[in-house]
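Please consult the sequence and the structure below while reading.

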Amino acid sequence: MRICSHTPAQPCIKMKTKKAQIKMFETIAVLLIFFILIAFGLIFYSKVQRDSIQDTGKEYFELKAIQTAQLVSFLPELQCTSPTSVNIVGDACFDAFKIIALKDIIEDNYGYYFDLFGFSKITVEQIYPLGKKWVIYNKSSGKSSKSSLQIPVLIYNASSRENYFGVLNVDVYE
Amino acid sequence: MLMFMNKMKKNKKSQAEIIGLAIIVILITMGLLFFVKFGILDKKDNPKGSFVNSELASNMVTVLLKTTTDCKKSSVNELFQDCAGFERFDCNDDGVYDSCDYLNKTLGIIFSRTLEKWKKPYKFMAYRGSDIKMEKSYGNYNKNSAKKQGIAVIPTDMGNLFITLDIYN
């Protein structure tokens, strides 16, 4: 249907311009929605990536705490040995005298133990009967965020031949 | 000819609109897929929590049984053997056989200073068959929720005594 076929030229051009304008607006609107969708996608993707990086960092930090706790648990400098054979090692058992001695050993070989434990605080606490708390290693990074672990251990007193219930506390600083 | 041209134009326009719609649908679908992938499906389990509970449960039982008590310097393991057997231990020398009471007291102290202090829901049981010798629990936990278990078997005069410690997430 041609609206401007019997009308003067001027209104016909106006009509055509209006149509073109509407089409242009339509194209702009489509482009605008397209770019908005892309922007949303990018924002979402960046957020997901950021969260993923944060999670990986947190996971690494927690794995470091587990690694440190396991290192301390199997440290020959702390483990109980059988009175008859040094090759028989007690399960989850620390020798009370070795705990006392380790502090001095660490002070003398600080570099070696820093490579092992990094920025962390390692303590052994006697829970039953209620007794001492030994700070074996303490090197803070100055940051407040830390990952903590508690593992029950046996504290063997070789002089009285008694076993005490203890807890190994490991705080790893970021 | 003019009508054919108009038809062609209309067809092209509708095709372009369909393509636009398809693109929007694809974009929305991709967005939904992203959300499902990263928001719902990608929930990793906590390695620290799993390790801690597993170590706690197994070490707790091992260490607990070897701990020396005030009752004639006997271990928790020996007290369990006596309590589940004929009960011949007189810890206070007052003529009353009290290994079970001593055991209950000792375990109460240790659990209150460890698992209860750390707010870890747990269930401790010592049983022989259907006979439950001792039961202790703390915190709100669902029987079906994830747990780590520490287990030990103590031979007694009347058969094996099973010790279990369930630590819930």
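## A paired position in the sheet of chain B

B:Ala126 has B:Ile163 as its bridge partner in E4(B). The model is a predicted one. The two strands concerned are E1 (residues 122-128) and E4 (residues 159-168) of chain B, which are joined in the antiparallel sense over six bridges.

## B:Pro155 in strand E3

Strand E3 of chain B covers residues 147-156, and B:Pro155 is part of it. Is B:Pro155 buried or exposed? Its relative accessibility is 52%, and B:Pro155 therefore counts as exposed, the cut-off for this class being over 50%.

Apart from its neighbours within four places in sequence, B:Pro155 is in contact with B:Gln81 and B:Asn160. The C-alpha atom of B:Pro155 is separated by 9.7 Å from that of B:Asn77, although the two residues are 78 residues apart along the chain.

## Disulfides of chain B

Over all chains, the structure holds three disulfides. A disulfide is a covalent bond between the sulfur atoms of two cysteines. When the bonded cysteines of chain B are numbered in sequence order, the pairing reads 1-3, 2-4.

B:Cys71 and B:Cys91 form a disulfide in which the sulfur atoms are 1.9 Å apart. The link of B:Cys71 and B:Cys91 is left-handed, with -80° about the S-S bond. B:Cys71 lies in the loop between helix H2 (47-66) and H3 of chain B, and B:Cys91 lies in the loop between H3 and H4 of chain B, so this pair ties together parts that are 20 residues apart in sequence. B:Cys71 counts as buried at 0% relative accessibility, and B:Cys91 counts as buried at 10%.

A disulfide also joins B:Cys83 to B:Cys100, with an S to S distance of 2.0 Å. The torsion about the S-S bond of B:Cys83 and B:Cys100 is about 105°, so this disulfide is right-handed. The pair links distant parts of the chain, 17 residues apart: B:Cys83 is in helix H3 of chain B and B:Cys100 is in helix H4 of chain B. B:Cys83 is buried, with a relative accessible area of 8%.

## The disulfide of chain A

Which cysteine forms a disulfide with A:Cys80? The partner is A:Cys93, and the sulfur atoms of the pair are 1.9 Å apart. The link of A:Cys80 and A:Cys93 is left-handed, with -75° about the S-S bond. A:Cys80 lies in strand E1 (residues 79-81) of chain A and A:Cys93 in strand E2 (residues 89-95) of chain A, so the pair ties together parts that are 13 residues apart in sequence.

With a relative accessibility of 4%, A:Cys80 counts as buried. A:Cys93 also counts as buried, at 7% relative accessibility. The cut-off for the buried class is under 20% relative accessible area.

Strand E3 of chain A covers residues 120-128. Seven of its nine residues are buried, so strand E3 of chain A is largely enclosed by the rest of the structure.

E3(A) pairs in the antiparallel sense with strand E6 (residues 162-173) of chain A, over eight bridges. Within this pairing, A:Val167 in E6(A) is the bridge partner of A:Glu125. E3(A) also pairs in the antiparallel sense with strand E4 (residues 133-138) of chain A, here over five bridges. A:Trp134 in E4(A) stands opposite A:Val124. E3(A) and E4(A) form a hairpin, with four residues between the two strands.

Note on methods: Residues are numbered from 1 along each chain as its sequence is written. Chains are lettered from A and ligands numbered from 1 in the order in which they are written. This is a predicted model: local features need pLDDT of at least 70, side-chain atom pairs count only at pLDDT 80 or more; totals for chains, interfaces and linings use all residues. Side-chain values use heavy atoms; hydrogens and water are left out. Buried means under 20% relative accessible area, exposed over 50%, partly exposed in between (1.4 Å probe, protein chains only). Contact means heavy atoms within 4.5 Å. Two strands pair if DSSP finds at least two bridges between them. A disulfide is a pair of cysteine sulfur atoms within 2.5 Å.
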